[in-house]
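These notebook entries record what I looked up in one structure.

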Amino acid sequence: MCLITLAYKVVDGKDLIVAANRDEYFQRPSKTADFWDEHPTVFGGLDLEAQGTWMACDRRGRFGVVANWTETTANANQTKSRGDLVKNFLINDKNAPEYLDTIEWDRYRGVNLMLFDGQELHYANNRKGDRLKLDPGFYGMTNTHLFDHWKRAEDGVALLKEAVHTNDLGVLIDMLFVNEISDSSEVLGFNFSPCFIVGQTYGTRASSALSIEQDQIQFCEQTYGPMGRINGRNMQTIKLNEGKDK
């Protein structure tokens, strides 16, 4: 499970603002957000088990994030890591529509994918077959279709709308630490999950906030251990390449 909230071209001077929670088993090895050794223009976390990433950006002002699509079955052909979808986008020169054309969707388990190529924000999944160029606005992506009414995504977007004009990414990190349900009458199951998951073996492992601006990206990540224990906070200012395609 994951929660990704985005404000796309709604604040002057900021192309994209993102606040996201990554939920995962605590035993799965991963590396906190940093520049990558093999691709030093890319900044983000790394899944050390499959060598992909759940969320990352680069010095060209590009960004990608992925969320699993909730399902209980898989087939033998679905062998590729969903974390490769973001990684491969950021290490090549294709724009978002061109890159989406290259994906062998049937080789992946259910996935939601959001890509910003410095010009446009695109959403795609391999369960409904959507490929959408998104208009400016607020979006909440979790483990079902982007436009499904899941309480977790709607609560996250409501929080982002209240905090979107802040220049302090720490405010966006703190807002994601919400471990309650705003309306307990909603249907049970994954939809019933709060923004922040507290658990001993599985839970929210990182909260990340990002702002893509005219000449820089501001990035903040806070990591957690079991039961919501705070491990540390990482702040990074990433200067964008001169002459980047805007």
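The entries below follow that order.

**Entry 1. Basis and confidence**

I note that this is a predicted model, in which local features need pLDDT of at least 70, side-chain atom pairs count only at pLDDT 80 or more, and totals for chains, interfaces and linings use all residues. Residues are numbered from 1 along each chain as its sequence is written, and side-chain values use heavy atoms, with hydrogens and water left out.

I looked up pLDDT, the predictor's confidence in each residue, from 0 to 100. The protein chain averages 90, and 90% of the residues score at least 70. I then asked which elements have the lowest and the highest mean pLDDT. Helix H3 has the lowest, at 94, and strand E5 the highest, at 98. Here helices (H or I, at least four residues) and strands (E, at least two) are DSSP runs, numbered from the N terminus.

I marked residues 181-189, where pLDDT stays under 50. For this stretch the model has 10 contacts beyond four places in sequence, a contact being heavy atoms within 4.5 Å.

**Entry 2. The sheet of seven strands**

I traced an open sheet of seven strands in the order E3-E4-E5-E6-E7-E8-E9, with antiparallel pairing. Two strands pair if DSSP finds at least two bridges between them. Strand E3 (30-35) and strand E9 (131-133) are the edge strands, each pairing on one side only. From one strand to the next, the twist averages 15 degrees; axes are lines fitted to C-alpha atoms, for helices over the stretch in contact, and angles run from 0 to 180 degrees between N-to-C directions.

Strand E6 (residues 63-68) and strand E7 (residues 111-116) are joined by six bridges in the antiparallel sense. Opposite Val65 stands Met114 in E7.

**Entry 3. The sheet of six strands**

I traced an open sheet of six strands, ordered E10-E1-E2-E11-E12-E13 and antiparallel in its pairing. Strand E10 (137-141) and strand E13 (230-239) stand at the edges with a single partner strand each, so one side of each has no neighbour in the sheet. On average, and with direction ignored, neighbouring strands of this sheet are turned by 10 degrees against each other.

Strand E1 (residues 2-11) pairs with E10 over five bridges, in the antiparallel sense. I asked which residue of E10 is the bridge partner of Ala7. That partner is Phe138.

I also placed helix H3 (residues 151-163), which lies across E1, strand E2 (14-25), E10 and strand E11 (202-213). H3 runs at about 40 degrees to E1.

**Entry 4. Aromatic pairs**

I searched the whole structure and found nine aromatic pairs. Rings of Phe, Tyr and Trp (its six-membered ring) pair if their centres lie within 6.5 Å; planes under 30 degrees apart count as stacked, over 60 as edge-to-face and the rest as tilted.

I asked why the pair of Phe43 and Phe219 is edge-to-face. The ring centres are 5.0 Å apart and the planes stand at 70 degrees, so the pair falls in that class. Phe43 lies in strand E4 (residues 42-47) and Phe219 in strand E12 (residues 216-224), so the pair ties together parts that are 176 residues apart in sequence. Phe43 counts as buried at 1% relative accessibility; buried means under 20% relative accessible area, exposed over 50%, partly exposed in between (1.4 Å probe, protein chains only). Phe219 is buried too, at 2%.

Phe196 and Tyr224 form an edge-to-face pair, 4.8 Å centre to centre with 80 degrees between the planes. Phe196 is in the loop between helix H4 (169-175) and E11, and Tyr224 is in strand E12, 28 residues apart. Phe196 is buried at 0% relative accessibility, and Tyr224 at 3%.

I recorded a cluster in which ring pairs link Phe35, Phe43 and Phe219.

I located Asp58 in strand E5 (residues 55-58). Is Asp58 buried or exposed? Asp58 counts as buried, at 1% relative accessibility. The side chains of Asp58 and Arg60 are joined by a polar contact of 2.9 Å. A polar contact is a pair of N or O atoms within 3.5 Å; within protein, one must be able to donate a hydrogen and the other to accept it, and residues adjacent in sequence count only if both atoms are side-chain atoms. Leaving aside neighbours within four places in sequence, Asp58 is in contact with Thr41, Val42, Leu90, Ile217 and Leu240.

I located Asp168 in the loop between H3 and H4. Asp168 is partly exposed, with a relative accessible area of 42%. Its side chain reaches the backbone nitrogen of Gly170 at 2.9 Å. The C-alpha atoms of Asp168 and Cys220 are separated by 9.5 Å, the two residues being 52 residues apart along the chain.
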